[in-house]
Amino acid sequence: MKLTIFFDGSFWCGLVEDEDDGKMKVLKHVFGPEPKDTEVLAFVNTQLLAEMVKVPSVSMASKQVNEHRINPKRLQRLVNKEKNQPVYSTKAQIAMQKSIEIKKTQRQKAAKAQKQEEAQRRFQLKQEKKLQKKKGH
């Protein structure tokens, strides 16, 4: 079971993911204002199991788990990397993020092309000036 607490723009939410035998249960719990450790602990100890029973399980293709032992430093790096990644709770948010990334790359390509055109134009002007000076007019 994995509990991730994140701020979704207006409220603090907890996303609980439970994977068992290829079936996954996901529960989103809204805490409201920033929860203290005691509030999170109370939720886990009292309400979590009762709410997880109500959630239907969905069959998912599970990831293969490596059987070998992971170096503690590598494990810590993986945990930090996972903590720094944004949490998406819906497919719509994932799709929206992908579209934003596509627009960003398109904008960067357009800006680069415009910059190259401007550099080429300035180069041509410089060449024409040089030719005019050489002609002596």
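Select Glu118 and Arg122: their side chains meet in a salt bridge, with N and O 3.7 Å apart. A salt bridge here is a side-chain nitrogen of Lys or Arg within 4 Å of a carboxyl oxygen of Asp or Glu. Glu118 and Arg122 are 4 residues apart in helix H3, which means about one helical turn separates them. Helices (H or I, at least four residues) and strands (E, at least two) are DSSP runs, numbered from the N terminus.

Before going on, note that this is a predicted model, in which local features need pLDDT of at least 70 and side-chain atom pairs count only at pLDDT 80 or more, while totals for chains, interfaces and linings use all residues. Residues are numbered from 1 along each chain as its sequence is written, and side-chain values use heavy atoms, with hydrogens and water left out.

**Stop 1: helix H3**

Buried means under 20% relative accessible area, exposed over 50%, and partly exposed in between (1.4 Å probe, protein chains only). Arg121, at 43%, is partly exposed, and Glu118 is partly exposed at 32%.

Now return to the bridge between Glu118 and Arg122, at 3.7 Å from N to O. Salt bridges that share partners join Glu118, Arg121 and Arg122 into one network.

**Stop 2: from helix H2 to strand S1**

How many salt bridges does the structure hold? It holds 3. To see another of them, select Glu82 and Lys2, whose closest N and O atoms are 2.4 Å apart. This pair links distant parts of the chain: Glu82 is in helix H2 (residues 72–84) and Lys2 in strand S1 (residues 2–7), 80 residues apart. Glu82 is partly exposed, with a relative accessible area of 43%. Lys2 is partly exposed as well, at 36%.

**Stop 3: the aromatic pairs**

Next, look at the rings. Rings of Phe, Tyr and Trp (its six-membered ring) pair if their centres lie within 6.5 Å; planes under 30 degrees apart count as stacked, over 60 as edge-to-face and the rest as tilted. By this rule there are 2 aromatic pairs. Select Phe7 and Trp12: their ring centres are 5.3 Å apart and their planes stand at 50 degrees, so the pair is tilted. Phe7 is partly exposed at 45% relative accessibility, and Trp12 is partly exposed at 24%.

Then select Phe31 and Phe43, where the ring centres are 5.5 Å apart and the planes at 80 degrees, so this pair is edge-to-face. Phe31 belongs to strand S3 and Phe43 to helix H1 (residues 37–54), so the pair ties together parts 12 residues apart in sequence. Both Phe31 and Phe43 are buried.

**Stop 4: Trp12 and His29**

Go back to Trp12, in strand S2 (residues 12–20). Which residues does Trp12 touch? Not counting residues up to four places away in sequence, Trp12 touches Ile5, Phe6, Phe7, His29, Val30, Phe31, Gly32, Pro33, Glu34 and Pro35. Contact means heavy atoms within 4.5 Å. For Glu34, the C-alpha to C-alpha distance to Trp12 is 5.7 Å, although the two residues are 22 apart in sequence.

Now select His29, which lies in strand S3 (residues 23–32). Is His29 buried or exposed? His29 is buried, with a relative accessible area of 16%. Leaving out residues up to four places away in sequence, His29 touches Trp12, Cys13, Gly14, Phe43, Gln47 and Glu51.

**Stop 5: the whole chain**

Of the 137 residues in the chain, 13% are buried. Among contacts between residues at least 6 apart in sequence, 40% join residues at least 24 apart.

Finally, colour by pLDDT, the predictor's confidence in each residue, from 0 to 100. The mean pLDDT of the chain is 84, and 88% of its residues reach 70 or more. Confidence is lowest in strand S4 (residues 58–59), at a mean of 69, and highest in H2, at 90.
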